[in-house]
Amino acid sequence: MNIYAGLDVSDKMTHICAVDGDGRILWRDVCASDPEVLARVLKKRCPGLVRVVLETGCLSAFLYHGLAERGVPVTCICARHAKGVLKARVNKSDPHDAEGLANMARTGWFKAVHIKDSATHLDRAGLRVRGELVKCFHAMVNQLRGLLKLFGLRMGVVTTPAKRNERLEALLMQRAELRPVLAPLIAALTALEGQIAQSSRSLKARAASDPVCARLMSVPGVGPITALTFKSSIEDPGRFNKSQDAGAYAGLVPRRSQSGTRDTMGAISKAGDPMLRSALYEAANCLLSRVKRKSALQVWGKALALAKGGKRARVAVARKLAILLHRLWQSETSFNWAAL
């Protein structure tokens, strides 16, 4: 008898529901959210197990790899798609969600999600740490500027730590009573800058040692952070049948709503990885504003900026960059200026 199981995962416990080929519930259980425990229970209670389904979440990669290593036929599905099926029930509960996932496993009406390996998650963890440090740094700088403005002091435009410290010293000489008040914030900014520089050096070294990232960095506007972000987000270029799908994966294509005679094209979908989308947008901005050497993509983007505005142009160039990077990765070639 074919058996299908659904796992509704929470932080500590996981609800399990197993159904047969006709959708009849065979058994339910609750056990710890640990791949060894789950694999032992499933192998003991489900001798004819065909497929196990769990949703994307914080523990999905950990459980997926752990179950796959123990020989469990596990599939991870998109939580956003599963929500549309699970909300059909009037009452929501963990056992009901597990039953719904089991029936999705039985019918095959789901979209499987690619689960990245541990090495890729390690790279993405480094990128996220740097991103959070940069976010905190900018928030603290803005807080410092706001506090200075309360007393009529303006820090102005500063581009380097040395210029910022010089400007702060000049401002604090005017209001000496602010020095002990702002000293903790200034010291925290200095410490954050050191950590950001250390994290950036580590990521740059990682990108320089990777042949794929080195090839991607040949594209104008694409630096080590963008290259490493693209590689860790895509992981396998063979996932896409055509390079145009890479732009859609990053959420850089228009959202469409069509019904009957109505067909509306809205803003970009933003359905993909936000870290990848942000990195491609920054690379597009760098290409349009900082790269001196002309290329066909830059000329096209600047013409679009004049016609449609800078923001739309950067989004369009970011989508083109996603397609270009995927094409170079697949063909194992570097960017060719002469071809443009």
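Below are my entries, one topic at a time.

**Ground rules**

I am reading a predicted model, where local features need pLDDT of at least 70, side-chain atom pairs count only at pLDDT 80 or more, and totals for chains, interfaces and linings use all residues. Residues are numbered from 1 along each chain as its sequence is written, and side-chain values use heavy atoms, with hydrogens and water left out. My helix and strand names follow DSSP runs numbered from the N terminus (helices are H or I with at least four residues, strands are E with at least two).

**Entry: H5 beside H7**

I began with helix H5 (residues 118–149) and helix H7 (residues 179–208), which pack at an angle of about 155° with their axes 9 Å apart. Axes here are lines fitted to C-alpha atoms, for helices over the stretch in contact, and angles run from 0 to 180 degrees between N-to-C directions. H5 and H7 are therefore roughly antiparallel to each other. For that label, angles over 145 degrees count as roughly antiparallel, under 35 as roughly parallel, 65 to 115 as roughly perpendicular and the rest as oblique.

I also noted that H5 and H7 cross in a left-handed way. Left-handed means that the near helix is turned anticlockwise from the far one by less than a right angle, and right-handed that it is turned clockwise. The residues in the contact of H5 with H7 are 17 nonpolar, 5 polar and 4 charged. In these classes, Ala, Val, Leu, Ile, Met, Phe, Trp, Tyr, Cys and Pro are nonpolar, Asp, Glu, Lys and Arg are charged, and the others, Gly among them, are polar.

**Entry: H6 beside H7, and arginine 164**

Next I looked at H6 and H7, which pack at an angle of about 180° with axes 12 Å apart. That makes H6 roughly antiparallel to H7. From H6, the contact takes in Pro161, Arg164, Leu168, Glu169, Leu172 and Met173, and from H7 it takes in Arg179, Leu182, Ile186, Leu189 and Glu193. Contact means heavy atoms within 4.5 Å. By class, I find 7 nonpolar, no polar and 4 charged residues where H6 touches H7.

Is arginine 164 buried or exposed? It counts as buried, at 5% relative accessibility. My cut-offs are under 20% relative accessible area for buried, over 50% for exposed and partly exposed in between (1.4 Å probe, protein chains only). Arginine 164 sits in helix H6 (residues 161–174). Leaving aside neighbours within four places in sequence, arginine 164 touches Phe137, Met155, Val158, Leu189 and Glu193.

**Entry: arginine 45**

I then turned to arginine 45, which lies in helix H1 (residues 35–45). Arginine 45 counts as partly exposed, at 38% relative accessibility. Which residues does arginine 45 contact, leaving aside its neighbours within four places in sequence? They are Trp27 and Asp29.

**Entry: H9 beside H11**

H9 and H11 pack at an angle of about 145°, their axes 9 Å apart, and H9 passes H11 in a left-handed crossing. On the H9 side I listed Thr226, Thr229, Phe230, Ser233 and Ile234, which meet Met275, Leu276, Ala279, Leu280 and Ala283 in H11. The contact of H9 with H11 has 7 nonpolar, 3 polar and no charged residues.

In the loop between H9 and H10 I found glutamate 235. Its phi is near 65°, a positive value in a residue other than glycine. Glutamate 235 is buried, with a relative accessible area of 18%.

**Entry: H13 and what follows**

I checked the length of helix H13 (residues 310–331): at 1.5 Å a residue, its 22 residues should span 32 Å, and its end C-alpha atoms are 31 Å apart, which agrees. The expected span is 1.5 Å times one less than the number of residues. Buried residues of H13 include Ala313, Val317, Leu321, His326 and Trp329. The buried residues of H13 pack against partners including helix H8 (211–216), strand E7 (262–268) and helix H12 (296–308).

Glutamate 332 is in the segment after H13, and has a positive phi of about 55° although it is not a glycine. Glutamate 332 is exposed, with a relative accessible area of 61%.

**Entry: H2**

My last stop was helix H2 (residues 60–69), where Ser60, Ala61, Leu63, Gly66 and Leu67 are buried. Glycine 71, which follows H2, has a positive phi near 80°.
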